[in-house]
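Good morning, and thank you for coming. Please look at the sequence and the structure, which I shall show now, before I describe them part by part.

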Amino acid sequence: MNIRIALAGNPNSGKTTLFNALTGSNQFVGNWPGVTVEKKEGKLKKHNGVTITDLPGIYSLSPYTLEEVVARNYLIGERPDAILNIVDGTNLERNLYLTTQLTELGIPVVIAINMMDVVRKNGDKINTAELSRELGCKVIEISALKGTGVMEAAEAAIKAAEGTKTVPMHTFSGPVEHALAHIEEVAVHQMPEEQQRWYAIKIFERDEKAMAQLKLSADVQAHIEEDIKAAEKELDDDAESIITNERYVYIASLMKGCYKKKNAGKLTASDKIDRVVTNRWLALPIFALVMCLVYYVSVTTVGSWATDWTNDGLFGDGWHLFGIGSSAYDDAINEYAEENIWTPEVVAEVSKAADEGVIGAQDVLDAINDQDFGAFDEAYGSYGDSLAAAGYDISEVYDTAMESAPDTSDYGVWVPGIPVLVENGLNAIHSPDWLNGLILDGIVGGVGAVLGFVPQMLVLFIFLAFLESCGYMARIAFVMDRIFRKFGLSGKSFIPMLIGTGCGVPGIMASRTIENDRDRKMTVMTTTFIPCGAKLPIIAMIATALFHGAWWVAPSAYFLGAAAIVVSGIMLKKTKMFAGDPAPFVMELPAYHWPTVGNILRSMWERGWSFIKKAGTIILLSSIVMWLGSVFGVVDGKFVFDLEMELDYSLVGRLGNAIKFIFAPLGFDNARAAIATVMGLVAKEEVVGVFGVLDFVSMTKLAGYCFLIFNLLCAPCFAAIGAMKREMNNAKWTWFAIGYQCCFAYAISLIVYQLGCLFTGHGNVLGIIVAVLLIGFICYMLFRPYKEAEHLSTKAKALAQK
Ligand SMILES: Nc1nc2c(ncn2[C@@H]2O[C@H](COP(=O)(O)OP(=O)(O)OP(=O)(O)O)[C@@H](O)[C@H]2O)c(=O)[nH]1
Ligand SMILES: [Mg+2]
């Protein structure tokens, strides 16, 4: 037995939620139309040989966009054994439009009325028995989210698949039926009987795809055209509208008999919330506030506590079990440092270095002034070398003092971190030095640096899952559409960007819902400007290492990405390649839903897990390559292996030094940053992985921020580039997109760095000239008129005058 059941229904009716419930999968669910853009297959739980297919949502069987074509082609081309039609019970009337079409396909149909939990809560009543009788197929009430009735629905579909085909109960008006009968006879009588009616209706509507598929002879076509014309004349409308209207009239009559609304005409809670969050003036500030909060919490507060623990504890020296003893130890070590490390001489040295502007000296001094040994130790770790190089070497005092410093294990149960455990293990088996280096510095260092940021990502993903599934993100697309439209852009371009906040690959794929080819290409090109989950570690690293975890760094990265999309959109739209009216954007606002905790956690885990998997594969591999590159090198013309290799001699360092000139105008002309940027193409997390392996580098705040800007905006990782290539389906366009992204990133970083230098008094004349020229060029691109749009509006005027 092998039964194929397809889930078909309007966008956002809950197909994927049901699919996940039935198959135990973890497909992405979001509260806006157009989440699923590909068909997905799964096996029905507890049943052998039953395959369930989740399809993109469709409003009708006349598709406009790519993902709708996927659904139609599956239903018509592959003819599943049964269709489980998911109908949104809170939106019955519109959803039934598709139902009337599905029942005509000659495939067994079972209707699952979803969101019954909401329907019941609203106090509305659906008469399923009557509906079932009228439509000629079984109707079952379910709640995919709560899991009620889902198995019954699947079992009903299985039973229907084994039984007879659904016969459409609806008949069109006399003239249409007359024409249909003729068409069936002359054009489709060779088809299986159950399919004839659907094809006849499609031919009547003059559906090009169906006509092309049937390859009708000119003779037959002329005959059919006569029939259609006769019906059109009699009903005084064009054929397609006749069919549409009659369907709606039929559905209205169905609704009268089957549906009772309790609070007709009253404002629902959703409407009330929307009055505020989509308000003309408040919408954007509210969105900005929400995103600030999301990034602030995930990068700066909760996220950074969790990340500190993973970075310093789990992938660091270790931690006190349950935190017991931590504060006693802190007091003891601070007191000890006060007496033994921060001696008046050391403080004087560091102060002098800080006055002289030695990189990092101020950070070390701040930690001393705060009497915070933890911060001091970290700052010293990062900048000790930079201080020593400038002639302020405090390592002797530090090293001697640390020999008899208080021991963490005296203050509580000390759990050693993974590197410590691994090191002990390696020492116990007397492993050779090179293996120690490979495992500790290469693998644990590189992979650990990336894994350390997973908690932060998880916190971000919880927020995203909530915003997506409650319905707020759909509002943002709606609000953005209002603004974008002024610039000739479509709000639909914004949905991929919202999804891209999790990962760029599904974000790019989400562009399929845009029907206009030019707009779709433009969206594919710009979606990855938004910082994805993998860029979060870069943001967090720069924010903590260079800005003391300032609250604004992370939100600024997000808004920078959003601004890059808007600016690029406007600039590109004014070129010949992308000119033209924006794709229409008609999206009904989905009702707000309280997502279940389980769903949010599942979505968080699904996304988080893919990062952990990446850490175990791509990141692991590239960490090993990076380590090899850093221990092999060329010294005095000879190829050597040395665990203590100086970076400048190593292969990585030499490569970095060879290409760093490219980044000099952006402020980060050092080998590590250059290498990190290149490795970012493999996976964006690798940027922090490289610093994990090669140790953090001293950069000024300005250079660090420009490094961040460049890495956020330049070409995405290979996975996302692959997705771009698939969606563009054209190598030339893909290269153009990559080129554009890199040039744009370069220009923006250069402008910020050069102007930043000007304001801090280190300006360089050539750099400033280039920056000003670039600004001029961007402004010109932004403010020059839309050629095509003007042309169109004159046409519109001419029409109006007529
Ligand atoms: N209250 C309630 N919400 C539901 C139910 N089923 C689904 N939802 C919510 O409805 C929204 C849409 O669910 P999806 O499963 O993504 O819908 P879909 O039909 O796959 O949508 P597309 O892929 O865009 O066509 C999500 O926010 C779900 O949590 C239900 O039975 N009750
Ligand atoms: Mg879906």
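I begin with a definition: two residues are in contact if their C-beta atoms, placed from the backbone, lie within 7 Å. This is a predicted model, in which local features need pLDDT of at least 70 and side-chain atom pairs count only at pLDDT 80 or more, whereas totals for chains, interfaces and linings use all residues. Residues are numbered from 1 along each chain as its sequence is written, and chains are lettered from A and ligands numbered from 1 in the order in which they are written.

With that definition, let us take Met-255. Which residues does Met-255 contact, leaving aside its neighbours within four places in sequence? They are Leu-92 and Glu-93. Between Met-255 and Leu-92 there are 8.1 Å in space, C-alpha to C-alpha, although they are 163 residues apart in sequence. Met-255 belongs to helix H11 (residues 239-258); helices (H or I, at least four residues) and strands (E, at least two) are DSSP runs, numbered from the N terminus.

A residue is buried if 20 or more other C-beta atoms lie within 10 Å of its own, exposed if 12 or fewer, and partly exposed in between, with C-beta atoms placed from the backbone. Met-255 counts as partly exposed because 16 other C-beta atoms lie within 10 Å.

Now the whole protein. Of its 802 residues, 44% count as buried. Its secondary structure comes to 37 helices and 12 strands. The C-alpha atoms fill a box of roughly 100 × 60 × 55 Å, taken along the principal axes.

Next, the sheet. Strands of a sheet pair through backbone hydrogen bonds, either parallel or antiparallel. Here, two strands pair if DSSP finds at least two bridges between them. An open sheet of 6 strands has mixed pairing and the order S2-S3-S1-S4-S5-S7. Its edge strands, S2 (40-43) and S7 (138-141), each pair on one side only. Strand S5 (residues 109-114) runs parallel to S7, and 4 bridges join them; in one of these strands, S7, Ile-140 is the bridge partner of Ala-112. Helix H1 (residues 15-23) packs on the sheet, and its direction makes about 155° with that of S3. For such angles, axes are lines fitted to C-alpha atoms, for helices over the stretch in contact, and angles run from 0 to 180 degrees between N-to-C directions. Helix H2 (residues 66-78) lies across S1, S3 and S4, at about 140° to S1.

I close with two loop residues. Most residues other than glycine have a negative phi. Lys-215, however, has a positive phi, near 50°, and sits in the loop between helix H9 (208-214) and helix H10 (218-235). Is Lys-215 buried or exposed? Lys-215 is exposed, because 7 other C-beta atoms lie within 10 Å. Gln-371 also has a positive phi near 50°, in the loop between helix H17 (361-369) and helix H18 (373-389). With 13 other C-beta atoms within 10 Å, Gln-371 is partly exposed.
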